[in-house]
Structures are given as structure tokens and as C-alpha cells.
Amino acid sequence: MGRDDGHEHRSHAPIDEHGEPPLGRRARAIEALLIEKGLLTAAEIRRAIDDLASRSPADGAKLVARAWVDPAFKARLLADPKAATPEFGIDITSHAQLAVLENSPGLHHLVVCTLCSCYPRTLLGPPPAWYKSLDYRSRAVVDPRGVMREFGLELPATVEVRVVDSTADMRYLVLPLRPAGTERLSEEELRALVTRDSMIGVSHPRDPVRV
Ligand code: FE
């Protein structure tokens with residue numbers, strides 16, 4: 001394009017400011033300060049963001065499937081998730097506290113963050129939009145069974161429902177019940193049954209495909 005095509009380049013705003021929400025600007029200011037004070041490098045911050053963005057429910061599913069087939073691992077995972085996850089190349093040591101909550105035939109856990117959207121991102125990736133919605137955050141504590149019903153999960157009245165409220169300092173991962181009829185499945189096949197929603201507690205894992 002030539003200089004006289006009428007295109008006004010001066011009207012272009014810098015990419016890092018225009019349209020960025022105030023919280024984003026604040027984060028950038030803090031990031032710049034941390035780098036300036038030598039506490040972190042830009043490369044370290046980029047690596048941490050990349051690492052977090054590459055996480056997905058498949059990471060959490062690895063832990064669940066292993067816990068289903070290996071009672072010793074399950075005991076370690078429940079007792080100290082931070083010590084158990086490095087076996088899978090998942091390092092959560094630098095992050096907030098994390099508790100793994102085991103469902104049983106008589107007890108079901110449902111995870112919510114009533115304040116905002118605290119979530120075990122290191123094990124599940126970014127939270128789904130509904131998890132962050134005011135509707136879920138408010139109704140999960142008032143009417144957890146009604147919320148689960150909307151996800152297609154109807155729990156018998158005999159099953160106790162325990163709702164846990166996540167915070168910035170404490171995240172939760174549900175260890176769902178292993179589906180019936182999966183005794184002969186391999187660990188890898190079991191992984192495929194573990195859904196994101198089952199690790200939040202709004203649904204059960206998938207049922208195995210009958211052959
Ligand atoms: Fe939160």
C-alpha cells in the first residue's frame with residue numbers, strides 16, 4: 001500500500017492496551033514489576049501460561065483411572081495429591097492446595113466456587129463457561145440435586161451429597177465412582193470413561209460401551 005492511499009496508520013492503537021479490560025492491564029503491570037524486580041523472567045511467565053493452557057481433563061482422567069486400578073496410588077493421591085501427581089509428569093507443587101475427594105456408593109461430591117471460578121486448572125484445564133456462571137455458583141449450594149438433575153444425574157435420596165466451595169487457596173478434584181462392568185477394562189480404556197464433568201461432580205463417568 002502506498003502512502004497516498006488514504007490509509008491512516010496513526011489510528012492504530014497499540015495491541016496491548018486498547019480494548020484490554022482493567023484486570024488485564026493490572027496483570028500486565030504486576031508482570032512488569034515482577035520482571036523489573038528480578039523475581040521472574042518473561043520467559044518463565046510465558047512457560048507457566050503455556051503449561052496451564054496445555055492442560056486438559058485428560059490430565060485429571062489419568063489420575064482417576066490409575067486410582068481405580070491401583071489402591072496404593074489411590075491412597076497416595078487422596079493423602080497428598082501434590083506428591084502423587086509428578087508420577088504423571090504433572091507438577092502442581094507451585095500451585096494452591098488441592099484435595100481429591102473420593103465418591104462412594106453413599107457419598108457424592110459436587111465442586112463449586114461460589115465467589116468466582118476457582119478450579120483445578122492444572123488438572124482439568126480451563127473451567128467450562130457454566131462453572132463460572134452466577135446461576136451455577138448460586139444454585140449448586142442451594143439445590144445441588146436440582147443442578148445435577150439438569151446435567152442428567154439423578155442421585156437416589158440415600159446418597160449423601162456434599163458440596164465443596166473452592167477458593168483461591170483450595171481446589172478440589174472429585175474421584176468419581178468406577179462404573180460397573182469395567183472390571184476387564186485396561187487403565188487406558190478406563191481413562192476414556194472419565195469426563196471433565198464427572199471430576200467436577202455434576203455427572204457420573206461414561207458407561208462402558210457394551211460389546
Ligand atoms: Fe473462585
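What follows is a set of questions and answers about this predicted model.

Q: What makes up the chain in terms of helices and strands, and how much of the chain is buried?
A: The chain holds 11 helices and four strands, and buried residues make up 36% of its 211 residues. Among the contacts with a separation of 6 or more, 64% are between residues 24 or more positions apart.

Q: Why is Asn103 called buried?
A: The word buried applies under 20% relative accessible area, and Asn103 has a relative accessibility of 6%, so Asn103 counts as buried. Asn103 is placed in the loop between β1 (97–102) and β2 (107–112).

Q: What makes the approach of Asn103 to His109 a polar contact?
A: The side chain of Asn103 reaches the backbone nitrogen of His109 at 2.8 Å, and because a polar contact requires a pair of N or O atoms within 3.5 Å, this distance meets the cut-off. Leaving aside neighbours within four places in sequence, the residues in contact with Asn103 are His108, His109, Val174, Leu175, Pro176 and Leu177.

Q: Why is Pro105 called exposed?
A: Exposed means over 50% relative accessible area, and Pro105, with 67%, is therefore exposed. Pro105 is also in the loop between β1 and β2, and it touches Val159 and Leu177 when residues up to four places away in sequence are not counted. The C-alpha atoms of Pro105 and Thr158 are separated by 9.3 Å, although these residues are 53 residues apart along the chain.

Q: How do you know that Leu101 is buried?
A: Leu101 has a relative accessibility of 15%, which is under the 20% limit, so Leu101 counts as buried. Leu101 is found in strand β1, where it touches His109, Val164, Tyr172, Leu173, Val174 and Leu175, not counting residues up to four places away in sequence.

Q: Why is β2 described as largely enclosed by the rest of the structure?
A: Six of the six residues of β2 are buried, so the strand is largely enclosed by the rest of the structure. Leu107, His109 and Val111 point one way from β2, while His108, Leu110 and Val112 point the other way, and all are buried.

Q: What makes β2 and β3 a pair of strands?
A: Strands pair if at least two bridges are found between them, and six bridges join β2 to β3 (residues 160–165), so the two count as paired. The strands run parallel, and Leu110 stands opposite Val163 in β3.

Q: Why is the pair of Phe73 and Phe88 called edge-to-face?
A: A search of the whole structure finds six aromatic pairs. In the pair of Phe73 and Phe88, the ring centres are 5.4 Å apart and the planes are at 70°, so the pair is edge-to-face, the cut-offs being centres within 6.5 Å and planes over 60 degrees apart. Phe73 lies in helix α4 (residues 71–79) and Phe88 in the loop between α5 (81–84) and β1, so the pair ties together parts that are 15 residues apart in sequence. Phe73 is buried, with a relative accessible area of 0%, and Phe88 is buried as well, at 14%.

Q: What makes the pair of Trp130 and Tyr136 edge-to-face?
A: The ring centres of Trp130 and Tyr136 are 5.0 Å apart and the planes are at 75°, so this pair is edge-to-face. Trp130 is partly exposed at 22%, whereas Tyr136, at 5% relative accessibility, counts as buried. Both belong to one aromatic cluster, formed by Tyr119, Trp130, Tyr131, Tyr136 and Phe151.

Q: How do you know that the charged end of Arg66 sits over the ring of Phe73?
A: The charged end of Arg66 is 5.9 Å from the centre of the Phe73 ring and is found to sit over it; the distance cut-off is 6 Å, and the position must also be within 35 degrees of the ring normal.

Q: Which atoms coordinate the iron ion, and at what distances?
A: The iron ion is coordinated by Cys113 (SG), Cys116 (SG), Ser117 (N), Cys118 (N) and Cys118 (SG), at 2.1 to 2.8 Å. These donors follow the spacing C-x2-C-S-C along the chain. Cys116 is partly exposed, with a relative accessible area of 33%, whereas Cys118 is buried, at 8%.

Conventions: Residues numbered from 1 in each chain as written. Predicted model: local features only at pLDDT ≥ 70, side-chain atom pairs only at ≥ 80, totals over all residues. Heavy atoms only, no water. Buried < 20%, exposed > 50% of the residue type's maximum accessible area, 1.4 Å probe, protein only. Polar contact = N/O pair within 3.5 Å; in protein donor to acceptor, adjacent residues only side chain to side chain. Contact = heavy atoms within 4.5 Å. Phe/Tyr/Trp six-rings, centres within 6.5 Å; stacked < 30°, edge-to-face > 60°. Donors = N, O, S within 2.8 Å, 3.2 Å for Na, K, Ca; no water.
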